[in-house]
Amino acid sequence: MEEVMKMDEREMGKEEKDKEEIDEEKDGEVGVTRLPPWTKQVTIRGVVASGLLGVIYSIIAMKLNLTTGLSPNLNVSAALLAFVFIRTWTKLVEKAGFRPLPFTKQENTMIQTCAVACYSIAIGGGFGSYLLGLNKTTYELAGVNTVGNTAASYRELQIGWMTAYLFVVCFVGLFVLVPLRKVRLTINQLKAKQLTSSLVVDTDLSRLHAFADTDNRLQLGISKWYGDCCPNKWIPYKRRSDGQWFYGAKESCGFNQFPTFGLLAWKHTFYFDFSMTYVGTGMICSHLVSLSLLLGAVLSWGVMWPLINKLQGSWFPDNLPEDSMQGLNGYKVFISIALIFGDGFYNFFKVLLIILINVHGRMKHKAVLDIDGKSKATSILKQNELFERESIPMWIAGSGYLVFSLISVIALPIMFHEIKWYYIVVAYILAPSLAFCNAYGAGLTDMNMAYNYGKVALFVLAGLAGKKYGVVAGLVGCGVIKSMALVSCTLMQDLKTAHLTMTSPRSMLISQAIGTTIGCVVAPLSFFLFYKAFDVGNPNGEYKAPYALIYRNMAILGVEGFSALPRHCLQLCCGFFAFAVAVDLARDLIPPKVGKWMPLPMVMAVPFLVGGYFAIDMCVGSLVVFLWHRMNSKEAELMVPAVASGLICGEGLWSLPASLLALAKVNPPICMTFLSGKA
């Protein structure tokens with residue numbers, strides 16, 4: 001009997017060995033080695049590194065969120081910093097006499113996924129928009145006497161309920177699209193696919209880990225990307241931010257108020273404010289984004305607002321306070337909303353049409369696709385095979401979605417009595433289809449429409465809840481839908497990165513869950529760091545948070561309709577709505593050589609409220625990239641992400657000590673200002 005058992009064990013061992021050899025041979029066909037299981041891809045050092053990166057980028061993203069509301073895509077930067085962090089740690093451990101675990105591309109992907117999930121909560125958690133729109137300051141800015149803006153429609157912001165709200169609404173998105181991950185993989189081969197950040201990350205990781213093959217190449221690569229960037233560019237700009245602080249005793253003081261183009265241009269917000277954060281953002285974003293911002297600033301602060309301001313006493317009373325929604329401020333807010341709506345309306349239906357055409361074409365040519373599928377590249381087939389080895393069990397996805405949906409249905413009406421439980425039930429019944437359309441559309445067009453889905457929910461819930469509860473219901477409901485669509489789409493993009501880097505989908509789901517957990521705790525803390533230290537929401541201060549007022553007025557529009565608009569504002573809004581649709585339509589219909597220069601209406605809307613100073617900063621960043629590419633294109637391709645990351649991180653990290661100084665009531669000692677010689 002024992003001999004039989006030993007023979008069976010030998011046969012089983014032989015079968016397992018043969019299976020491993022077969023797997024190695026299969027992997028060898030695509031030039032890869034045996035991949036580590038998901039339990040070894042999620043490491044303690046990876047979680048620590050991603051948590052640290054998530055905290056750093058949460059602070060940076062929160063500052064961007066509360067100043068202009070614009071946040072660049074920092075995914076590539078996070079992946080690069082993760083690589084540098086772990087490589088440095090590995091070298092230190094080796095010098096200490098220990099033998100560290102090898103640092104793989106899969107672990108790098110896990111760190112990037114966890115870090116991005118963490119700071120994505122700071123970007124998309126509503127801290128600069130719908131959640132901030134609930135506070136008393138935004139309520140007062142929207143007009144205490146404004147119809148629909150009732151006294152019961154504001155709520156003081158607190159860490160406790162904001163953290164609980166994030167946990168309730170964000171985790172549903174982790175499970176809603178997991179059953180459709182196989183469908184999501186097909187988007188990688190769609191004809192309309194663009195060069196997404198996932199592909200850039202995969203290329204950068206492959207290049208970085210190739211540098212690590214030999215000491216010489218690693219030294220050249222890392223020192224050129226970060227060794228030269230961080231010491232020479234990061235620290236000086238951090239010191240420059242430190243130096244600026246000494247001269248900024250008041251909001252209109254300091255180097256950041258330097259009248260670069262003269263005092264008249266400075267009065268209309270056209271000046272270079274020495275913000276390395278937005279110079280770095282301009283280096284990361286496309287030239288079209290920077291030029292669209294500049295166009296929006298010139299059109300609004302250079303032309304429209306001076307002309308409308310001269311109509312005081314005719315279009316609106318001349319004795320209104322500056323921040324009244326019935327005065328000039330109302331035109332700024334509602335025209336911005338019209339541009340955002342026009343752009344969102346067009347792209348929403350554009351993506352929907354692309355999805356319908358694509359699905360119809362796939363159904364019509366299914367037989368042809370099945371035949372052609374046999375001739376796909378071997379590498380793609382092997383990627384699919386490796387990706388499916390450790391698939392996420394269906395019962396985890398289903399039970400996770402049901403549990404967190406049930407928690408939301410119970411918890412949200414308790415937290416906000418303005419929200420009815422059946423609103424949440426209907427939202428989560430429709431959630432899978434909305435999330436799939438958003439993720440599928442993002443794969444086709446590279447556009448995440450989660451914010452537009454949130455705005456639709458805002459209007460619907462604001463109208464259903466009525467005048468008394470409409471504003472709060474709309475703002476809170478916007479967060480429910482937007483967070484679900486955003487988190488689910490982010491997870492699908494991470495699974496796409498995992499597919500390209502041959503990382504286990506299980507490690508991706510766990511990394512996303514860890515990052516979301518950290519983000520739900522860190523994001524409110526980083527928000528209150530700014531909220532308590534600075535005058536957040538002040539339209540004349542540094543932390544304007546323009547989208548808070550925009551979202552609150554959207555909710556008021558949903559409750560009251562067009563009666564909330566100032567005089568002649570409806571006609572102007574209709575004109576800019578049509579302008580946004582026409583520009584987007586022209587970009588898609590006219591020849592690409594001309595269409596690629598059509599401005600982006602949603603981007604143009606930001607300086608309508610904020611001003612033109614940060615558009616100048618971003619144009620400087622774009623100009624640096626343009627000149628760098630003209631002089632040395634290869635060097636620019638390698639160095640621009642690293643330099644931009646250094647600029648953003650260097651100045652962004654100064655926000656932490658600056659906030660602590662403000663909380664400690666330590667004010668700058670000097671006020672440096674600029675006056676006219678005629679004064």
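**Exercise 1. The largest cavity**

Sort the lining of the largest cavity by class: how many residues are nonpolar, polar and charged?

Solution. By class, the lining holds 5 nonpolar residues, 7 polar residues and no charged ones. Nonpolar here covers Ala, Val, Leu, Ile, Met, Phe, Trp, Tyr, Cys and Pro; charged covers Asp, Glu, Lys and Arg; the others, Gly among them, are polar.

This is a predicted model, in which local features need pLDDT of at least 70 and side-chain atom pairs count only at pLDDT 80 or more, while totals for chains, interfaces and linings use all residues. Residues are numbered from 1 along each chain as its sequence is written, and side-chain values use heavy atoms, with hydrogens and water left out.

Step 1. The search of the whole structure gives 3 cavities of 30 Å³ or more. A cavity is a set of points on a 1 Å grid, over the protein atoms alone, where a 1.4 Å probe fits but cannot get out; lining residues have an atom within 4 Å of a point. Points are joined across faces, edges and corners, and the volume is the space filled by probe spheres set on them.

Step 2. The largest cavity has a volume of about 100 Å³.

Step 3. Its lining consists of Ala-117, Ser-120, Ile-121, Gly-124, Gly-125, Cys-170, Ser-483, Leu-486, Val-487, Thr-490, Gln-512 and Thr-516. At least two lining residues come from each of helix 5 (105-124), helix 21 and helix 22 (505-533). Helices are DSSP runs (H or I, at least four residues), numbered from the N terminus.

**Exercise 2. Helix lengths**

Solution. The expected span is 1.5 Å times one less than the number of residues.

Step 1. Helix 27 (residues 613-631) has 19 residues and should therefore span 27 Å; its end C-alpha atoms are 28 Å apart, which agrees.

Step 2. Helix 7 (residues 159-170) has 12 residues, and its first and last C-alpha atoms are 16 Å apart, close to the expected 16 Å.

Step 3. Next, burial. Buried means under 20% relative accessible area, exposed over 50%, and partly exposed in between (1.4 Å probe, protein chains only). In helix 7 the buried residues are Trp-161, Met-162, Thr-163, Tyr-165, Leu-166, Val-168, Val-169 and Cys-170. Those of helix 27 include Tyr-613, Phe-614, Val-625 and Trp-628. Helix 14 is mostly covered, with 8 of its 9 residues buried.

**Exercise 3. Aromatic and charged contacts**

How many aromatic pairs are there, and which class does the pair of Phe-341 and Phe-459 belong to?

Solution. Rings of Phe, Tyr and Trp (its six-membered ring) pair if their centres lie within 6.5 Å; planes under 30 degrees apart count as stacked, over 60 as edge-to-face and the rest as tilted.

Step 1. The count comes to 31 aromatic pairs.

Step 2. The ring centres of Phe-341 and Phe-459 are 5.0 Å apart and the planes stand at 55°, so this pair is tilted. Phe-341 belongs to helix 16 (residues 328-364) and Phe-459 to helix 21 (residues 450-501), so the pair ties together parts 118 residues apart in sequence. Phe-341 is partly exposed at 22%, and Phe-459 is partly exposed at 25%.

Step 3. Tyr-401 and Tyr-428 have ring centres 6.5 Å apart and planes at 80°, so the pair is edge-to-face. Tyr-401 is in helix 19 (residues 394-415) and Tyr-428 in helix 20 (residues 421-445), so parts 27 residues apart in sequence are tied together. Both tyrosines, Tyr-401 and Tyr-428, are buried.

Step 4. One aromatic cluster is formed by Phe-127, Phe-527, Phe-528 and Tyr-531.

Step 5. The charged end of Arg-155 sits over the ring of Trp-161, 4.9 Å from its centre. The rule asks for NZ of Lys or CZ of Arg within 6 Å of the ring centre and within 35 degrees of the ring normal.

**Exercise 4. Positive phi**

Where is Thr-269 found, and is Thr-269 buried or exposed?

Solution. Step 1. Thr-269 is found in the loop between helix 13 (263-267) and helix 14 (276-284). Thr-269 is not a glycine, yet its phi is positive, about 70°.

Step 1. With a relative accessible area of 13%, Thr-269 is buried.

Step 2. Phe-274 lies in the loop between helix 13 and helix 14. Its phi is near 60°, again positive in a residue other than glycine. Phe-274 is partly exposed at 23%.

Conventions
1 Å grid on protein atoms, 1.4 Å probe; cavity = no way out; pocket = protein on both sides within 12 Å on 5 of 7 lines; lining within 4 Å.
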